[in-house]
Amino acid sequence: MVRYLSAILLLFITIYSDPSEENVVYFTDSGYAEFTSSVPLHTFTGRSDHLTGLIDPEVNLVDFYLDLSTLRTGIDRRDRDMFRTLEVDDYPFAEFTGSLTSSFDFQSSDKQSVAVTGDFTIHGITREKKVEGTLQNEGGNLKLEAEWIIDITNYDIEPPGILFYRVRDEMEVRIEAVLESVPEDEQSDIP
Amino acid sequence: MKIKPTYFTIFTLITLILFFLADTAKAQLQRERVELDEPVADIFWAPTNIGISTVRNLSKYSLNSSVLHTFGLVRRGPDQFFGLDDGANTRLGLEYGFGDTFSAGIGRMTFRKIVDLRAKSNILRQTTTGSTPLDLAVKASAGISTLSGMEFSDRISYFISVMTARKFNKLSLQLSPMFAHFNLVSANQQHRLFGLGIVAAYELNDRFALSAEYLPVLSKRNPGTYDLMAIALNIDSGGHIFQIFFTSSQWHNEAFIMAHNEHRFLDGNFRFGFNVNRIFGLRRN
């Protein structure tokens, strides 16, 4: 009898108790991302304000993705060339999923250097990547800044070229976002 | 050894499953495409289609440099290398995007040494979701002849057009009612001219497009002039937009095309020409 009561009690605790009573996640769908490529004597940058990301301290999850078709260089013909190079119709997202590998004090409002290790995916190819950046608690929200360089040939992206010059293999990626804290009872709204 | 499941075991299992689900519910985000309600790109590939301005405008901080050439009549034959030896009318132009819907520029053409100042503004932009079904833009310009020995006011001409266009998949169409005023004209010529520019473009693929234009003068026209007609092959080289064309007019600005085009395309009186457009993004990173 005691065993049954214990089991029922355990079940009710599991169902009705908040397993992470103070669990807050941080989310944005309007972060900034830019991809900068260069040719001799010139660089061009694709920019987007549609970076979507989630940081969940409870399970140490850092997850970001960008719909690459939202990138704009300022010249729409060049946008079209960029989409063709990245084969955006077949591989619409650039993604990073990983976890914090350095400590971060969520209570401090200081800007803190952090490192995140995980999988970066673009053009359908996934590679492990360590990214360094900063995180800062801004009034309960998290401000994230990070940048890294990828070799696009590692992701089977053919650098486009015209006549005697072609786009360099290295592409700089920079992201900046303020992730708003989302309390537990509103987290079901996150896609 | 046979293990008999008990209620306790089942409850514990359910509890563990619920616990596991509660934790994994916070998995990675579901990937969703963004549906943008933004202007349709590439209704036309260049701000000017052969000789008529299009609704296409420059993005903010973009600079378009253009070189426009027209030569003599092709029917002049091999002696004049099919018109190429007859001298070109060349227009060199620069336009800058001060905003995503407003640009201004300056150009100069060989004939009559006309320097023109122009501005173009997009009032409506056709959007990808169809919330705005067409593009509407206004272009205004003033031409100044820099020939010597003229009063300043006699050098001036004015031009305004309202361009409305829509892209249907690969086909783009534009209608441009237009008006030109010349301060000084020769005897029997008109100070004011009204016309209707008609432009069509069809994308063959990402690199090639065909386009054509027709510009009938609707008001009383100048003696000996005809409506413009032209056809072009547009080539996107990845950095430049080339337009290789045959046209009845050797002039480059719509006002002067209406006033001075003296040849009929369908009579075989057309000439070779080409335009080169190069857009530079000047936004600082």
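Chain B carries two helices and 14 strands (both taken as DSSP runs numbered from the N terminus, with helices being H or I of at least four residues and strands being E of at least two). The model is a predicted one, where local features need pLDDT of at least 70, side-chain atom pairs count only at pLDDT 80 or more, and totals for chains, interfaces and linings use all residues. Residues are numbered from 1 along each chain as its sequence is written, chains are lettered from A and ligands numbered from 1 in the order in which they are written, and side-chain values use heavy atoms, with hydrogens and water left out.

Of the 285 residues in chain B, 43% come out as buried (buried is under 20% relative accessible area, exposed over 50%, partly exposed in between, with a 1.4 Å probe and protein chains only). Taking contacts (heavy atoms within 4.5 Å) in chain B between residues at least 6 apart in sequence, 57% link residues at least 24 apart. The chain's accessible surface is about 14400 Å², and carbon and sulfur atoms account for 63% of that (areas are from the Shrake-Rupley method with a 1.4 Å probe; for residues, only the protein chains shown count as cover).

Strand β9 of chain B, residues 171-182, holds B:His181. With a relative accessible area of 17%, B:His181 counts as buried. Leaving aside residues up to four places away in sequence, B:His181 touches B:Ser157, B:Tyr158, B:His191 and B:Arg192. Its side chain also makes a 3.1 Å polar contact with that of B:Asn183 (a pair of N or O atoms within 3.5 Å; within protein, one must be able to donate a hydrogen and the other to accept it, and residues adjacent in sequence count only if both atoms are side-chain atoms). B:Ala259 is 78 residues from B:His181 in sequence, yet the C-alpha to C-alpha separation is 9.8 Å.

Over in chain A, helix α2 (residues 76-86) has A:Arg77, A:Asp79, A:Arg80, A:Asp81, A:Met82 and A:Leu86 buried. The cover over these buried residues includes β5 (112-122) of chain A, along with β8 (156-168), β10 (192-203), β12 (228-236) and β13 (240-247) of chain B.
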